[in-house]
Amino acid sequence: MLCALMTETIPPHGGDLVDLVLTGAEAEALSGEAAQHPKVALGSREAADLEMLATGALSPLTGFMVEKDYRQVLEEMRLASGLAWSIPITLSVDDQGLKRLGRSDAVTLTIDDRAVAIVQPEQVYRRDREAEAEAVFLTTDRAHPGVAALERGGDWLIGGRVQVLALPEHDTFEEHRRTPKQTRAAFAERGWRRVVGFQTRNPVHRAHEYIQKCALEIADGLLLHPLVGETKEDDVPADVRMRCYQILLEGYYPLDRVLLSVFPAAMRYAGPKEAIFHALVRKNYGCTHFIVGRDHAGVGDFYGSFDAQRIFERFEPDDLGITPLFFDHAFWCHRCEGMATAKICPHGDEDRLILSGTKVREMLRNGERPPPEFSRPEVADVLIKAMAEPGA
Ligand SMILES: [Zn+2]
């Protein structure tokens with residue numbers, strides 16, 4: 001125990017790392033019973049939440065939220081226990097699903113017809129869509145992908161503790177799938193005490209590389225933690241992004257100071273609220289610091305550029321535990337002759353290499369590499385090749 005304490009980077013949120021995966025005789029007994037309970041088939045978003053609940057990524061949560069947690073998270077960004085939490089973790093069913101469940105005291109959750117978990121429903125309550133959309137996404141506009149996903153979900157929420165029979169199966173990125181327990185063990189093995197987490201759902205260009213390396217200057221290690229759950233259709237697919245990360249790391253990063261591992265979550269596009277969520281979850285993975293860039297987890301122009309940074313002011317540092325590192329947008333400056341941000345470069349836009357996302361996509365689609373000061377050529381080549389593939 002002493003050894004574990006000495007190597008721990010930071011305690012999980014709430015103090016203990018949750019593990020809901022049953023093993024041995026208990027798992028066998030419950031697997032047998034699972035066939036008899038009414039079933040709820042999980043979509044990819046809820047399956048991702050289940051995986052994170054199971055492995056403790058959502059510690060201290062031990063199941064889907066009951067109404068008092070749900071309400072308090074929406075209204076105060078806190079669980080009923082008072083602990084900081086910004087995004088509801090819920091299991092929804094529609095009217096028909098609710099009828100099928102009846103008064104059963106256990107429900108089996110399935111993925112592709114495979115029983116993966118059992119929920120003991122503590123409470124079934126009506127989802128407050130409008131309050132949820134306003135609180136989480138700060139809008140009820142259905143053009144927002146998070147609001148649209150919320151609209152597609154059922155009207156009823158089942159709250160209760162979860163017992164996990166089997167983790168969702170994946171046939172991608174297997175060597176990069178690590179649970180919080182495994183990332184924590186990897187940090188301990190490398191002797192890292194200060195670990196900075198970087199969330200991404202985009203290819204890494206020079207701007208992101210610069211920010212990560214700035215953070216790495218004051219940390220022992222970097223957890224490059226790309227989200228590989230469901231994203232919106234026009235985001236770059238996870239397998240293409242993974243190729244970009246690998247080629248970038250091999251060419252330009254000190255490999256003994258970086259851990260590339262995938263984050264199974266679905267993207268919510270909740271901007272500020274998701275920035276808090278992303279930080280708390282990375283704390284569970286063992287990160288002591290977390291990078292929050294401009295418009296973190298944003299979409300379109302639903303959030304201001306720095307809203308996802310300002311929201312951290314609403315918490316005392318101890319509420320979150322993990323330390324946020326705030327960064328402005330980075331660029332190459334011809335006069336500085338290096339990467340910079342407005343915080344350190346006194347020059348004007350005319351001296352800076354600034355390309356819009358639209359412009360970069362257009363160049364890549366035309367088979368043209370953006371300037372090397374914007375994208376590493378190896379990364380550009382991966383993206384050019386992916387865009388040339390049918391269907392891209
Ligand atoms: Zn400059």
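**Salt bridges and a parallel sheet in the predicted model**

At a relative accessibility of 4%, glutamate 209 counts as buried. In this predicted model, the side chain of glutamate 209 meets that of arginine 376 in a salt bridge, with an N to O distance of 2.7 Å. Because glutamate 209 belongs to helix H9 (residues 206-217) and arginine 376 to the loop between helix H14 (357-365) and helix H15 (377-388), the pair ties together parts that lie 167 residues apart in sequence. Arginine 376 is likewise buried, its relative accessible area being 16%, which places this residue under the 20% limit for burial.

The structure holds 21 salt bridges. One of these joins the side chains of arginine 184 and glutamate 8 at 2.5 Å, N to O, and this pair also links distant parts of the chain, with arginine 184 in helix H8 and glutamate 8 in the loop between helix H1 (2-7) and helix H2 (24-34), 176 residues apart.

Helix H8, which carries arginine 184, spans residues 180-190 and lies across strand E7 (195-200), strand E8 (221-226) and strand E9, running at about 160° to E9. These strands belong to an open sheet of five strands, in which the order is E9-E8-E7-E10-E11 and the pairing is parallel. The edges are formed by strand E9 (258-260) and strand E11 (323-326), each of which pairs on one side only, and the twist from one strand to the next averages 25°.

At the E11 edge of the sheet, strand E10 (residues 289-292) pairs with E11 in the parallel sense over four bridges. Within this pairing, isoleucine 291 has leucine 325 of E11 as its bridge partner.

How values were computed: Residues are numbered from 1 along each chain as its sequence is written. This is a predicted model: local features need pLDDT of at least 70, side-chain atom pairs count only at pLDDT 80 or more; totals for chains, interfaces and linings use all residues. Side-chain values use heavy atoms; hydrogens and water are left out. Two strands pair if DSSP finds at least two bridges between them. Helices (H or I, at least four residues) and strands (E, at least two) are DSSP runs, numbered from the N terminus. Axes are lines fitted to C-alpha atoms, for helices over the stretch in contact, and angles run from 0 to 180 degrees between N-to-C directions. Contact means heavy atoms within 4.5 Å. A salt bridge is a side-chain nitrogen of Lys or Arg within 4 Å of a carboxyl oxygen of Asp or Glu. Buried means under 20% relative accessible area, exposed over 50%, partly exposed in between (1.4 Å probe, protein chains only).
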